[in-house]
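I wanted to go through the charged side-chain pairs in this entry. My notes follow in the order I looked things up.

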Amino acid sequence: MLAKIHSGGIYGVDAFTVEVEVNAGPGDDMKFFLVGLPDAAVRESKDRVVTAIFNSHFQPPGGTTTINLAPADIRKEGPSFDLPIGLGMLASAEQIQKDELKGVCAVGELALSGEVRRIRGVLPIAIHAAKEGFERLLVPVENAAEASVVDGIDVIPVHNLRQAAEYLKGIEPIEPHKTDLDALFAGSGKYPVDFSEVKGQEYAKRALEVALAGGHNVLMIGSPGTGKSMLAKRLTTILPPMSLEEALETTKIHSIAGKLQAGSSLISQRPFRSPHHTVSDAGLLGGGTHPMPGEVSLAHHGVLFLDELPEFARNVLEVLRQPLEDGEVTIARAAATVTFPSRMMLVAAMNPCPCGYHGDPKRECRCSSPQIQSYRNRISGPLLDRIDIHVEVPSVAYEQLSSIEPGESSALIRERVIGARKIQQDRYHNLEHVHCNAMMGTREKDAHCLLAQGSADLLKMAVTELNFSARAYDRITKVARTIADLDRSAEIKPEHITEAIQYRTLDRQLWT
């Protein structure tokens with residue numbers, strides 16, 4: 001008897017429909033054949049499923065059973081097809097009626113006991129199943145909260161194979177799992193840290209506010225202990241809240257990578273990723289035999305913080321060029337070519353020299369000039385040009401450290417950042433590829449970066465005398481546009497240009 005049930009597979013960050021066909025044929029010996037381009041984990045599923053069926057007090061089909069995973073030209077990966085294969089076997093053995101599988105999509109790994117274990121990538125499968133018009137999605141209990149953020153489909157949490165079968169037969173009713181998105185987003189603005197805890201560093205705070213208001217990349221340079229990491233860890237507290245669309249995109253990536261905790265539903269706070277400097281290029285960019293997202297994609301819609309930037313391997317830093325320019329990463333392998341989104345804000349920190357005290361007024365630098373130059377040359381010019389803002393983070397005076405007066409809170413800074421971002425959303429509302437000033441192309445920059453009288457001459461003089469590159473010129477213009485947005489100014493005034501140039505003077509002061 002032939003039975004059909006549907007499941008879902010993952011390709012990149014999206015899902016595709018997999019039709020599981022199970023045909024029980026004649027034969028004296030019990031044999032199972034699995035076809036449809038399965039990987040090793042999928043090929044082993046027939047052994048897990050048969051044992052799980054026996055331990056769930058059912059009987060697998062006798063004779064020769066053929067299981068086909070269609071479409072046959074796309075590779076199927078992972079153990080998520082165990083549950084639909086098990087239900088298909090029961091239907092082919094007439095222990096479940098075929099009509100009871102209509103409109104049903106199922107995913108889940110089976111233990112030998114019949115228990116349904118959690119899998120990765122449930123959210124993109126739920127989104128795809130809802131678009132395809134499926135009525136019900138059977139998922140492991142630990143994945144139910146994640147899948148239920150999707151509207152238009154009933155998410156049915158199941159503990160084991162027997163419960164799933166009895167639910168489909170109408171013996172054991174199961175209420176669909178629901179997630180309150182309003183309550184989820186209501187708690188997304190609570191953070192354990194705040195900018196008011198940072199003493200001093202007003203210049204650096206202002207630079208970071210400008211950076212977040214326009215989505216610009218930042219490099220902080222300063223001696224050890226000046227607060228670079230402390231500032232970076234508080235950046236997500238002043239970013240605008242995530243929209244539902246952004247939260248779904250970010251959660252999909254974390255779900256595919258297996259980074260969501262059991263019972264988690266939606267990532268409602270912008271991610272902050274801080275990989276160690278020993279990370280490989282595949283760990284940062286993504287990769288593997290079957291490509292998986294890396295740190296740049298896990299930081300999508302959030303912050304990627306690279307502490308001790310020159311300590312990262314040169315080849316690792318150079319792979320950042322594509323995600324910084326394009327907002328996505330394309331990974332080509334013999335088996336497949338996949339693209340992962342990576343629209344993140346890069347925040348980097350470094351010491352001015354190997355010992356960390358070059359230019360420090362209180363500590364003597366022990367590094368020679370060649371050592372300093374070699375240390376700084378670990379960051380290439382092209383990568384540095386892709387970082388819009390370079391800000392110096394000096395040591396904090398004792399009077400500031402001992403002050404009991406709190407600094408400006410994250411809530412106040414966040415209001416100004418949200419106001420500037422709202423101006424940019426209105427400005428670029430009809431452009432799909434531009435969401436903030438940092439993403440402007442040449443055409444948008446020419447249209448929206450209007451220079452007031454005197455601003456053009458000031459910019460020309462600075463570029464000529466400081467020998468900025470063409471890319472640095474573009475960065476200065478975009479940063480000035482953001483500063484004008486914070487001031488709610490339609491045109492870019494000389495004071496906006498002056499402040500933007502200050503955020504690039506380290507470019508020439510430290511790197512030539």
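Is Asp99 buried or exposed? I looked this up in the model, which is predicted. Asp99 has a relative accessibility of 57%, so I put it down as exposed.

Next I checked its partner. Asp99 makes a salt bridge with Lys102, with 3.7 Å between the closest N and O atoms. Lys102 comes out at 59% relative accessibility and is exposed as well.

I then asked how many salt bridges the structure holds. The count is 27.

From these I picked Arg48 and Asp82, whose side chains form a salt bridge at 2.8 Å, N to O. This pair joins distant parts of the chain: Arg48 sits in helix 2 (residues 45-55) and Asp82 in helix 3 (residues 82-92), 34 residues apart. I noted Arg48 as buried, because its relative accessibility is 15% and the cut-off for buried is under 20%. Asp82 is buried too, at a relative accessible area of 0%.

Last, I looked at Arg206 and Glu209. They form a salt bridge in which the closest N and O atoms are 4.0 Å apart. Where do the two lie relative to each other? Both are in helix 8 (residues 202-214), three residues apart, which means about one helical turn separates them. Arg206 is partly exposed at 26% relative accessibility, whereas Glu209 is buried at 5%.

Arg206 and Glu209 belong to a network of salt bridges that links them with Glu408, Arg416 and Glu499.

Technical notes
Residues are numbered from 1 along each chain as its sequence is written. This is a predicted model: local features need pLDDT of at least 70, side-chain atom pairs count only at pLDDT 80 or more; totals for chains, interfaces and linings use all residues. Side-chain values use heavy atoms; hydrogens and water are left out. Helices (H or I, at least four residues) and strands (E, at least two) are DSSP runs, numbered from the N terminus. Buried means under 20% relative accessible area, exposed over 50%, partly exposed in between (1.4 Å probe, protein chains only).
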